[in-house]
Amino acid sequence: MRAKKTAADEMIRGPRVESAIDAATSLLGFDDARSPRNLRDPGELYPKPPFEKQTQPWPGLAGLMTPRPDHGEESYRGSGRLLGRKALITGGDSGIGRAAAIAFAREGADVAINYLPEEEADAKEVMTLLGEADVNAVALPGDIRDEGFCRKLVDDAARDLGGLDILVNNAARQHARQSILDISTEDLDWTFQTNLYALFWITKAAIPHLQPGSSIINTSSIVAFDPSPQLLDYSATKAAILNFTRCLAKQLADKGIRVNAVAPGPFWTALQPSGGQFPDHLAEFGADTPLGRPGQPAEIAPLYVLLASNEASYTTGQVFGATGGEVGP
Ligand code: NAD
Ligand code: MG
């Protein structure tokens, strides 16, 4: 329902502006372009805890989660912000990496995704969506705990995409353990190799491909600022990624390469039911944030788009949070 016009309205808008608003209103299919119907209460946008109890074997599949995460499959609308750009995204099959892949493609970027062979079902869904966005899409499965594979991954991505100018280091291992006494050396190696060593190897391999204007985006976490007691090894890697980001940004500034990080709070992704949380915690996942629910991957993809785009040209060495209101960066 349109608000009643006042005399002041008439003076400010005048009849021509009024008719332009009416035209826009009918073009957009709204009853009234000034109506609040596009306002969304963030707390009510998505499912809230309690969630159904669920576990999956590592590395987990988004397709088997209840409810299924929203990666922006139906909602993300691009506007050409990354037209012609070439991106490699690790962990691009599911969760935050999948949301970034969908958003990048709809912004016009060619996208290569890396994932584990066990995640082929999730990766296939992403490849279909990237194909529908009418960009060049490349699937490069393999285990990034292997330095040789990391080098090959970057070279294959650059070859198949015809260059590389966006690198999203996003793959990670998170495994909840009650105590430091329960973390084996094998666990520690697994977490550090996936989250830190691979990030180092992939970044090192990528730099020779990156021209001025390129962007590296690392995925840190709120636990870099407020570590979870049950995620001792994981939290340490996420804090190290923050420091790595700030340091590398200084190193690469004179090459015209920006380096930033995103710090998510609790997000509803396959990482969580496949060992990332204890099952009891997962049922209440996100309940203790001010918004009272976990984030959905679709809600963080815009930060990756912004950090990749030329619009963020003065932003490097920074961390952007999406935490549902918890104190972050
Ligand atoms: P996800 O499980 O959907 O994505 C993680 C991906 O990492 C997997 O899909 C897998 O492809 C990849 N991966 C793991 N080990 C690998 C290996 N050895 N080789 C190759 N790929 C491997 O979960 P997500 O939550 O979207 O995670 C994405 C990023 O977000 C991670 O860096 C994670 O630490 C970070 N993060 C997540 C949350 C959250 O609550 N979900 C919070 C803070 C930070
Ligand atoms: Mg996955």
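Modeller: Helices and strands here are DSSP runs, a helix having at least four residues and a strand at least two, and they are numbered from the N terminus. By that numbering, T269 is found in the loop between β6 and α7 (272-276). Please keep in mind that the model is predicted.

Colleague: How many helices and strands does the protein chain have?

Modeller: The protein chain has 9 helices and 7 strands. Of its 329 residues, 50% are buried. Among contacts between residues at least 6 apart in sequence, 77% join residues at least 24 apart.

Colleague: Why is T269 called buried?

Modeller: Its relative accessible area is 10%, and the term applies under 20%; T269 is therefore buried. Not counting residues up to four places away in sequence, T269 touches M65, G95, I96 and P297.

Colleague: Why is T194 also called buried?

Modeller: T194 has a relative accessible area of 11%, which is again under 20%, so the term holds for T194. This residue is found in helix α5. Leaving aside neighbours within four places in sequence, T194 is in contact with I144, R145, A171, A172, R173 and L199. Between T194 and D143 the C-alpha to C-alpha distance is 8.7 Å, although they are 51 residues apart in sequence.

Colleague: What makes W58 and W190 an aromatic pair, and which kind of pair is it?

Modeller: Their ring centres lie 4.9 Å apart, and the criterion is within 6.5 Å, so they count as a pair. W58 belongs to the loop between α1 (7-28) and β1 (86-90), whereas W190 belongs to helix α5 (residues 185-206), and the two are 132 residues apart. The structure holds 4 aromatic pairs. F51, W268 and F285 form one aromatic cluster.

Colleague: Why are W58 and W190 called partly exposed?

Modeller: W58 has a relative accessible area of 33% and W190 one of 21%. Both values fall between the 20% limit for buried and the 50% limit for exposed, so W58 and W190 are partly exposed.

Colleague: How do you know that the charged end of R173 sits over the ring of W190?

Modeller: The charged end of R173 is 3.8 Å from the ring centre, and the distance limit is 6 Å. The criterion also requires a position within 35 degrees of the ring normal; R173 is classed as sitting over the ring of W190.

Colleague: Which residues of the largest nonpolar core touch the most other members?

Modeller: They are F104, V111, I300 and Y304, in a core of 32 residues. At least two residues each come from β1, α2, β2, α3, β4 (166-169) and α9 (301-308), and α2 gives the most, with 7. Beyond neighbours within four places in sequence, the contacts of F104 include L82, A87, I89, V111, I166 and Y304. Apart from this core lies another, of 26 residues, among them L153, I202, A205 and A249.

Colleague: Why is α9 described as largely enclosed?

Modeller: Of its 8 residues, 6 are buried, so the rest of the structure largely encloses α9. The buried ones are A301, L303, Y304, V305, L307 and A308. Their cover includes α2, β4, β5, β6 and β7.

Colleague: How does the span of helix α6 (residues 232-252) compare with the expected one?

Modeller: Its 21 residues reach 30 Å from first C-alpha to last, close to the 30 Å expected at 1.5 Å a residue. Among the buried residues of α6 are D233, Y234, K238, L248 and A249, and the cover includes α5, β5 (215-219), β6 (258-264) and β7 (319-322).

Methods:
Residues are numbered from 1 along each chain as its sequence is written. Chains are lettered from A and ligands numbered from 1 in the order in which they are written. This is a predicted model: local features need pLDDT of at least 70, side-chain atom pairs count only at pLDDT 80 or more; totals for chains, interfaces and linings use all residues. Side-chain values use heavy atoms; hydrogens and water are left out. Rings of Phe, Tyr and Trp (its six-membered ring) pair if their centres lie within 6.5 Å; planes under 30 degrees apart count as stacked, over 60 as edge-to-face and the rest as tilted. Buried means under 20% relative accessible area, exposed over 50%, partly exposed in between (1.4 Å probe, protein chains only). A nonpolar core is a set of buried Ala, Val, Leu, Ile, Met, Phe, Trp, Tyr and Cys residues joined through side-chain atoms within 4.5 Å. Contact means heavy atoms within 4.5 Å. The expected span of a helix is 1.5 Å times one less than its number of residues.
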